[in-house]
Amino acid sequence: MKSFILSLSIVGMYLLNAPVSRDRALTTNFVAVYICVNKTASKYHYTQSCTGLNRCSHKIEKVSISDAKNRGYSLCGFED
């Protein structure tokens, strides 16, 4: 029983410390990103506090990553 609990603890610690793949998240259509909606904006941002998004003086919209890509937006260089 002790060895089972120890094994379970080790597996649990591994899973909690396993790195999250940003590439895997990018393939999911449900990932929310932020875009600046104007004629010249071309980048999407993972966080609303991104340096690149701070320059936006127009409407900031939260959209899915697939929607942002369909609109022609690409990943901001500050978050690459």
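Start by selecting Val 31, Val 33, Ile 35, Tyr 44, Tyr 46, Val 63, Ile 65, Ala 68 and Tyr 73: these nine residues form the largest nonpolar core. Such a core is a set of buried Ala, Val, Leu, Ile, Met, Phe, Trp, Tyr and Cys residues joined through side-chain atoms within 4.5 Å, where buried means under 20% relative accessible area with a 1.4 Å probe, protein chains only. Strand S1 (32–37) and helix H4 (65–70) are the elements that give two or more residues to this core. Helices (H or I, at least four residues) and strands (E, at least two) are DSSP runs, numbered from the N terminus.

The model is predicted: local features need pLDDT of at least 70 and side-chain atom pairs count only at pLDDT 80 or more, while totals for chains, interfaces and linings use all residues. Residues are numbered from 1 along each chain as its sequence is written, and side-chain values use heavy atoms, with hydrogens and water left out.

Next, pick Tyr 73. Leaving aside neighbours within four places in sequence, its contacts (heavy atoms within 4.5 Å) are Ile 35, Cys 36, Val 37, Ala 41, Ser 42, Lys 43, Tyr 44 and Ala 68.

Now show the sheet, which is open, with four strands in the order S3-S1-S2-S4 and mixed pairing. Strands pair if DSSP finds at least two bridges between them. Strands S3 (59–64) and S4 (74–75) stand at the edges with a single partner strand each, so one side of each has no neighbour in the sheet. Select S2 (residues 43–45): two bridges join S2 to S4, and the two run parallel. Tyr 44 has Leu 75 in S4 as its bridge partner.

Finally, colour by secondary structure: the protein chain has four helices and four strands, in the pattern α-α-β-β-α-β-α-β along the sequence.

Terms used
Buried < 20%, exposed > 50% of the residue type's maximum accessible area, 1.4 Å probe, protein only.
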